[in-house]
Amino acid sequence: MSAQPSNGEQAPLLPGGGPSINRDQPVRPSVRAIIYGVLTAIFVVGLVVVSVFWEEVGGIVGSLPKDPEQAAKRILEIAPVIVGAVFVVDGHIDLPILVRERYANNASAFDLEKEMPAHVDIPRLRKGQVGGFFWSTFVECPSDEAVGKEFLNSTWRVRDTLEQIDIARLLIDQYPDTFELALTSRDIKSVISRGKIASLLGVEGGHQLGNSIGVLRQLYLLGVRYVTLTHVCHNVFADSCGMQPGMIPRWNGLSPLGVNLIHEMNRIGMLVDLSHTSDDTARQALQTTKAPVIWSHSSARAVHDVPRNVPDDILAMIGTDAPDQVDAVVMVNFAPFFVADPGNATVQTVADHVDHIADIAGKKHVGLGSDFDGIGDTPKGLEDVSKYPALIAELFRRGWTRFELAGLTGRNLLRVMDGAERVAQELQDLGTEPSYAIYDKRTDIGRRVEL
Ligand SMILES: *[C@@H]1O[C@H](CO)[C@@H](O)[C@H](O)[C@H]1NC(C)=O
Ligand SMILES: *[C@@H]1O[C@H](CO)[C@@H](O)[C@H](O)[C@H]1NC(C)=O
Ligand SMILES: *[C@@H]1O[C@H](CO)[C@@H](O)[C@H](O)[C@H]1NC(C)=O
Ligand SMILES: [Zn+2]
């Protein structure tokens, strides 16, 4: 829009010589002329400013295109410029396990600048206005037989986890114009403000800790910022919900060591991730934690009834209103199996999960955790990381404001990370001791009486 010479229309109001056009009013012409003159000047200057800075002003004051697709694109576009506005920070992306299984962790065997086989590569991340994501450093659960009844057999899971952290960090370093490791919520904002994709690390299951809280601390030092308490198997810390109904519990929630694990996670600032956990594990974790928690990739059970989704009674425990509520963000999973009946997962049904979590827990407690590269098929309209704007557009159409959308796509997670970082600082300032708890079934450590 250009500065139209609409000021021309105001000419009769400008003070001028000759007979006044308002001679029927008994106001002194000079005063009136000054007032009109000042008003006109303000109007003209305003018009020029608005026309010159229309794009920026539009972005800041919230004037958005009427068409939802255009509005979503616009909301996401301004994000890198105005930190704190909308950008997508995804809670769970499985690129590292794809690289392990397909390329044996050889970073020379593929190019993230080109089209990758599944859902994630740099061109599509850019198209989807992604500001950051957690790289899941997942490795699979050992079989029940391999790990043994008491979880005591060695399983190579700690080695494999280190290999996944290694490949994630190698890739982040290999594309320095695109990715940058982020360790704090402040890092995320700073990386985004420099036009890059904030890269965080998450470990997807207590089975990756080798039954050891010492391993947890070392993973933190390697840059890991969340640990999912379980994957699809129970482990020495907690019960999983499995994948199908009817998983028989082992601990009826958290084990005693699991309680210690959460205390230590709170103390060091490792986010507690409750995706994949049993309902009892999740409830007890919410009662145990001193810090805000996340569900890195889980949807709503009331919308689609599978164990991996979060039930309403647990969603109701989330919040900041009542003293017994815990601040949290549930980051919605796109996996069709969790979203809808076979063949029915679409961008609209994913939006239904977002809306439902927002209804029960509040709009400040929902986020996005796609599970891209970790799922076989995808919802219609959300085929890969380039498609987040379609979901933003759908929610915008349903009445979500751009501020609410900014929360959904990133700010809610940043608030929760801020909270966890603050709690860790407070616990450390209080001189809270590290946890020295050892799994009580272990006989390989601390059992020697004679020296
Ligand atoms: C890694 O992949 C590249 C490209 O395919 C290949 O030339 C190289 O030999 C691979 N390295 C190893 C150690 O397999
Ligand atoms: C795992 O440990 C159990 C004891 O709990 C043992 O009987 C079994 O042979 C072990 N399995 C393997 C594969 O080592
Ligand atoms: C998909 O949803 C529609 C409408 O809700 C329903 O009629 C249809 O049976 C569903 N399809 C499948 C495959 O479940
Ligand atoms: Zn998962």
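In the predicted model, the buried residues of helix 11 pack against helix 10, strand 6 (271-273), strand 7 (293-295) and helix 12 (312-315). Helix 11 spans residues 279-288, and its buried residues are Thr 281, Ala 282, Gln 284, Ala 285 and Thr 288. An α-helix has 3.6 residues a turn, so residues three or four places apart point the same way.

The protein as a whole contains 16 helices and 9 strands. Of its 451 residues, 45% are buried.

In soluble globular proteins, nonpolar side chains tend to be buried together. The largest nonpolar core of this model comprises 104 residues, and Val 330 and Ile 357 have the most contacts inside it. Helix 16 (residues 402-429) supplies the largest share of this core, with 9 residues. Leaving aside residues up to four places away in sequence, Val 330 touches Trp 295, Ser 298, Val 310, Ile 357, Ala 361, His 365, Val 366 and Gly 367.

Two packed helices are described by the angle between their axes and the distance between the axes. For helix 14 (residues 347-361) and helix 15 (residues 388-397), the axes come within 10 Å and cross at roughly 60°. This crossing of helix 14 and helix 15 is right-handed. Helix 14 contributes Val 347, Gln 348, Val 350, Ala 351 and Val 354 to the contact, while helix 15 contributes Ala 390, Leu 391, Glu 394 and Leu 395. Sorted by class, the residues of this contact are 7 nonpolar, 1 polar and 1 charged.

Helix 15 is largely enclosed by the rest of the structure, because 9 of its 10 residues are buried. The buried residues of helix 15 are Tyr 388, Pro 389, Ala 390, Leu 391, Ile 392, Ala 393, Glu 394, Leu 395 and Phe 396. Just after helix 15, Gly 399 adopts a positive phi of about 105°.

Two loop residues were also examined. Asp 121 is located in the loop between helix 4 (95-103) and helix 5 (122-127). Asp 121 counts as buried because it has 22 C-beta neighbours inside 10 Å, and the cut-off for a buried residue is 20 or more. Asp 121 touches Leu 112, Lys 114, Glu 115 and Met 116, when residues up to four places away in sequence are not counted. Asp 384 is 263 residues from Asp 121 in sequence, but the two C-alpha atoms are 9.3 Å apart in space.

Gly 242 is partly exposed, because 19 other C-beta atoms lie within 10 Å. With residues up to four places away in sequence left out, Gly 242 touches Val 232, Met 247 and Pro 307. A distance of 7.7 Å separates the C-alpha atoms of Gly 242 and Ser 278, which are 36 residues apart along the chain.

The surroundings of two ligands complete the description. Around ligand 2 are Glu 145, Ala 146, Gly 148, Lys 149, Glu 150 and Asn 153. This shell around ligand 2 has 1 nonpolar, 2 polar and 3 charged residues. Ligand 3 is surrounded by Asp 341, Pro 342, Gly 343 and Asn 344. The shell around ligand 3 consists of 1 nonpolar, 2 polar and 1 charged residues.

Note on methods: Residues are numbered from 1 along each chain as its sequence is written. Chains are lettered from A and ligands numbered from 1 in the order in which they are written. This is a predicted model: local features need pLDDT of at least 70, side-chain atom pairs count only at pLDDT 80 or more; totals for chains, interfaces and linings use all residues. Axes are lines fitted to C-alpha atoms, for helices over the stretch in contact, and angles run from 0 to 180 degrees between N-to-C directions. Helices (H or I, at least four residues) and strands (E, at least two) are DSSP runs, numbered from the N terminus. A crossing is left-handed if the near helix is turned anticlockwise from the far one by less than a right angle, and right-handed if clockwise. Two residues are in contact if their C-beta atoms, placed from the backbone, lie within 7 Å. Ala, Val, Leu, Ile, Met, Phe, Trp, Tyr, Cys and Pro count as nonpolar, Asp, Glu, Lys and Arg as charged, and the others, Gly among them, as polar. A residue is near a molecule or strand if its C-beta atom, placed from the backbone, lies within 6 Å of it. A nonpolar core is a set of buried Ala, Val, Leu, Ile, Met, Phe, Trp, Tyr and Cys residues joined through C-beta atoms within 7 Å. A residue is buried if 20 or more other C-beta atoms lie within 10 Å of its own, exposed if 12 or fewer, and partly exposed in between; C-beta atoms are placed from the backbone.
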